[in-house]
Amino acid sequence: MQNITLLGATGSIGISTLDVIARHPDRYRIHALTAHTKVVELAGLCARFRPDVAVVGTAAAAQELSALLKSDGVSTEVSYGEAALCAVASGAGCDTVMAAIVGAAGLAPTLAAARAGKKILLANKEALVMSGQLFMDAIAASGAILLPIDSEHNAIFQCLPQPYQRNLDHHGIARIVLTASGGPFLDRAVETLDLVTPDEAVAHPNWVMGRKISVDSATMMNKGLEVIEAHWLFGATHDRIEVVIHPQSVIHSMVSYLDGSVLAQLGNPDMRTPIAHALAYPERISSGVAPLDLTQLAKLEFRQPDLLRFPCLKLAYDALATGGSAPAVLNAANEVAVEAFLDGRIGFRQIDQLIDRVMHAASFEAVADIAGLLDQDRHARQLANSFLTS
Ligand code: NDP
Ligand code: MG
């Protein structure tokens with residue numbers, strides 16, 4: 001029996017994870033569920049999954065949750081705040097942590113899980129993009145197991161030899177090829193991009209996801225963050241990570257070997273596949289995903305990404321090449337820009353313009369520890385916010 005802490009239970013990945021877990025009550029037990037604002041939803045999940053602990057964002061949310069659980073006769077213990085998130089991610093009650101909080105807010109608990117030597121199923125790519133080497137060092141020091149949930153990285157993991165030594169040359173690998181759907185604006189006239197609304201930007205053609213990652217997919221910053229994520233997960237330099245647009249999202253990514261072989265992982269676009277893969281690894285379990293019917297696929301297309309249409313992808317490659325705190329600064333500026341776009345304060349094209357301004361104005365430093373990293377993150381957010389109001 002695996003005891004699971006699910007960080008971000010009320011989100012898109014959280015709900016898909018619970019769907020897979022509910023299919024296998026003989027294998028998985030929920031130790032903790034966390035949410036930030038969706039108290040009523042979390043109360044419903046607690047009534048269904050009966051976790052030991054539930055964590056929310058604030059004291060007021062915790063009070064509300066406690067009252068709901070009491071009236072439902074659910075005995076789950078309730079706590080709140082970052083320290084409580086770290087406690088449920090690192091405590092003795094769990095062996096596996098699904099890291100599915102969105103954005104930098106997920107860093108502290110995911111890092112706590114890494115330091116505590118847990119099995120980490122990583123959806124929260126921003127945590128790894130920000131902390132990079134520090135995170136991988138924590139994994140190595142504690143002996144934690146890190147399994148990717150991002151569909152592309154999970155696909156790559158499945159196409160790599162096991163055990164994999166985080167070194168392409170060691171295994172005769174030429175390149176890693178990340179596929180990208182291109183999002184909702186792949187063929188929209190570039191000059192009309194500034195007119196798109198938040199609702200249009202979050203309407204992804206193939207995946208149903210949270211709002212932040214949906215906007216990241218529309219700008220292709222999501223793919224940029226995934227390039228940086230692939231660098232850390234697989235030990236690949238930026239010049240050996242290629243992005244190919246594949247609008248059908250059937251091939252989830254590929255590994256290209258020196259002998260000319262290209263291994264790909266295919267499947268319907270449904271996050272329950274990588275979630276089930278990582279939960280059960282190295283075994284295989286059913287996920288509820290419909291089998292892929294190859295005869296129903298009209299065609300599989302591939303194109304090169306247009307960096308003029310998608311400047312965020314180039315900004316991310318540049319940040320990875322720069323190194324140090326540049327990816328953390330990029331991530332922070334992106335989070336501020338996406339939030340401003342979703343709030344209607346800036347247009348769609350101003351997302352990449354704002355990040356570009358921050359990347360030009362910021363100074364990048366080697367990151368020695370988490371305190372230094374959080375300083376850089378805070379400074380980048382201040383810079384981005386000052387540009388928003390100037
Ligand atoms: P959602 O927005 O759907 O869910 C985010 C979750 O995080 C919710 O449970 C939310 O709580 C919680 N949360 C938000 N802010 C905070 C905070 N400050 N502190 C603690 N918890 C917080 O996001 P997704 O599920 O789409 O994405 C989660 C992560 O997985 C992201 O990093 C994303 O990049 C990654 N990912 C997602 C994929 C997808 O298909 N959705 C695919 C690949 C990666 P509440 O709702 O209660 O406020
Ligand atoms: Mg992805």
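Analyst: Contact here means heavy atoms within 4.5 Å. By that rule P311, C312, L315 and A319 of α12 touch R349, D352, I355, D356 and M359 of α14. Keep in mind that this is a predicted model.

User: What makes α12 and α14 roughly parallel?

Analyst: The angle between α12 (residues 311-322) and α14 (residues 349-361) is about 25 degrees. Angles under 35 degrees count as roughly parallel, so α12 gets that label relative to α14. Their axes are 9 Å apart, and the crossing is left-handed.

User: Why are α1 and α11 called oblique to each other?

Analyst: Helices α1 (residues 12-22) and α11 (residues 272-280) pack at about 60 degrees. Roughly parallel needs under 35 degrees and roughly perpendicular starts at 65, so this pair is oblique. The residues in contact are I13, S16, T17, D19, V20 and I21 on α1, with R272, I275, A276 and L279 on α11. Sorted by class, that contact has six nonpolar, two polar and two charged residues.

User: How do you know which residues are donors to the magnesium ion (ligand 2)?

Analyst: For this metal, a donor has to be an N, O or S atom within 2.8 Å. D150 (OD), E152 (OE) and E226 (OE) sit at 2.1 to 2.2 Å from the magnesium ion (ligand 2), and they coordinate it.

User: Why does the pair D150 and E226 tie together separate parts of the chain?

Analyst: D150 is in the loop between β7 and α7, while E226 is in helix α10, so the pair links parts 76 residues apart in sequence. Both D150 and E226 are buried.

Technical notes
Residues are numbered from 1 along each chain as its sequence is written. Chains are lettered from A and ligands numbered from 1 in the order in which they are written. This is a predicted model: local features need pLDDT of at least 70, side-chain atom pairs count only at pLDDT 80 or more; totals for chains, interfaces and linings use all residues. Side-chain values use heavy atoms; hydrogens and water are left out. Axes are lines fitted to C-alpha atoms, for helices over the stretch in contact, and angles run from 0 to 180 degrees between N-to-C directions. Helices (H or I, at least four residues) and strands (E, at least two) are DSSP runs, numbered from the N terminus. Angles under 35 degrees count as roughly parallel, over 145 as roughly antiparallel, 65 to 115 as roughly perpendicular and the rest as oblique. Ala, Val, Leu, Ile, Met, Phe, Trp, Tyr, Cys and Pro count as nonpolar, Asp, Glu, Lys and Arg as charged, and the others, Gly among them, as polar. Donors are N, O and S atoms within 2.8 Å of the metal (3.2 Å for Na, K and Ca); water is not among the atoms, so sites may look incomplete. Buried means under 20% relative accessible area, exposed over 50%, partly exposed in between (1.4 Å probe, protein chains only). A crossing is left-handed if the near helix is turned anticlockwise from the far one by less than a right angle, and right-handed if clockwise.
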